[in-house]
Amino acid sequence: MSAVYDHARSRTADEDSRDLSFAWDQWRYTDYFLFEEDASAAPFEGQSDLACRGFVIAVAEAITARFHAHRGTEEARSYLDAAWATMLREGACDYALLPAEDWPGPVRGALRAAMLVVNDTLHEARDDGDFPARCVWILQLARHVLPPRLRPEFEAWVAVATSRLARHWPVPEHRSGLFAESFDRGSPVGPCTFLPDDPGTPESAAACLARHLATLAGNPWLLPPDTA
């Protein structure tokens, strides 16, 4: 488990995890988050691609931690653990194919939705470049499924994270064109970047990311370099 999952888990009591009062329609689940409001992506448009990617993974981990008392979170945790490896190597995390029928109900359905937004950020966003939109989607999904007691602290956490990313992970001044062989997505972001007590610098992110990646041996979602 990553450091940001552990932090989010520590803020979620068992009664929060059991609160399933949010609306959930398995066949129309995108209605809960796949929309944009005016200026909703603005806080993320000045951030690097990897900053946005890290934000999406971190919020997905908070969503997963919110359901910690339910069975079935292990696969989501494993997938999100591997997703951090894409900070250093594009394609390091396998593409997630998650048939809806295998993820029924509000808990597994919400976990699947979070994983799919991350999957879209890891793969499709590399092609269309709209990383800020994925930040909006995962944020709106989290706001939909979080119980009321957790929302004020969650919003404060988001505010700190976005401010930190804007300060230390802005869009690179010199980045290659869309069709160039090299495209500068910015410096890596790590799980600790989203811990309130972390320095929140690229240097601390690199050290935390190295510690996290050292725990991924045997992760089924992690692809070796010759297949990524």
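## Close-up views of a predicted model

View 1. Residues are numbered from 1 along each chain as its sequence is written, and side-chain values use heavy atoms, with hydrogens and water left out. Helices are DSSP runs of H or I with at least four residues, numbered from the N terminus. Helix 1, helix 4 and helix 9 each supply at least two residues of the pocket lining. The volume of this pocket is about 260 Å³, where a volume is the space filled by probe spheres set on grid points joined across faces, edges and corners. On a 1 Å grid over the protein atoms alone, a pocket is an open set of points with protein on both sides within 12 Å along at least five of seven lines, a cavity is a set where a 1.4 Å probe fits but cannot get out, and lining residues have an atom within 4 Å of a point.

**View 2. Here are the residues nearest the centre of the largest pocket.** Of the 14 lining residues, look for Ala-8, Arg-11, Glu-153, Phe-154 and Trp-157, which lie nearest the pocket centre. By class, the lining has nine nonpolar, two polar and three charged residues; Ala, Val, Leu, Ile, Met, Phe, Trp, Tyr, Cys and Pro count as nonpolar, Asp, Glu, Lys and Arg as charged, and the others, Gly among them, as polar. Glu-153 belongs to helix 9 and is partly exposed, with a relative accessible area of 33%; buried means under 20%, exposed over 50% and partly exposed in between, with a 1.4 Å probe and protein chains only. Although 142 residues separate Glu-153 from Arg-11 in sequence, their C-alpha atoms are 8.8 Å apart.

**View 3. Ile-138 and its partners sit in the largest nonpolar core.** This core has 65 residues, and Phe-55, Ile-138 and Phe-194 touch the most other members. A nonpolar core is a set of buried Ala, Val, Leu, Ile, Met, Phe, Trp, Tyr and Cys residues joined through side-chain atoms within 4.5 Å. Helices that each supply at least two core residues include helix 1 (3-10), helix 5 (74-83) and helix 8 (131-145). Helix 4 gives the most, with twelve residues. Setting aside residues up to four places away in sequence, Ile-138 touches Phe-55, Val-56, Val-59, Ala-60, Ile-63, Ala-114 and Val-117, a contact being heavy atoms within 4.5 Å.

**View 4. Helix 6 is largely enclosed.** Because 14 of its 18 residues are buried, helix 6 is largely enclosed by the rest of the structure. From first C-alpha to last, helix 6 (residues 105-122) reaches 25 Å, close to the 26 Å expected at 1.5 Å a residue; the expected span is 1.5 Å times one less than the number of residues. Ala-113 is part of helix 6 and is buried, with a relative accessible area of 0%. Beyond its neighbours within four places in sequence, Ala-113 contacts Trp-24, Tyr-29, Phe-33 and Leu-141.

View 5. The largest cavity holds about 40 Å³ of space. Its lining consists of Trp-24, Gln-26, Tyr-29, Ala-100, Trp-103, Gly-109 and Arg-112, which divide by class into four nonpolar, two polar and one charged.

View 6. Glu-75 lies in helix 5 and is partly exposed at 35% relative accessibility. Apart from residues up to four places away in sequence, Glu-75 touches Trp-103, Met-115 and Trp-221. Ala-217, in the segment after helix 10, is exposed, with a relative accessible area of 75%. Ala-217 and Ala-82 are 135 residues apart in sequence and 9.9 Å apart in space, C-alpha to C-alpha.

How values were computed
Predicted model: local features only at pLDDT ≥ 70, side-chain atom pairs only at ≥ 80, totals over all residues.
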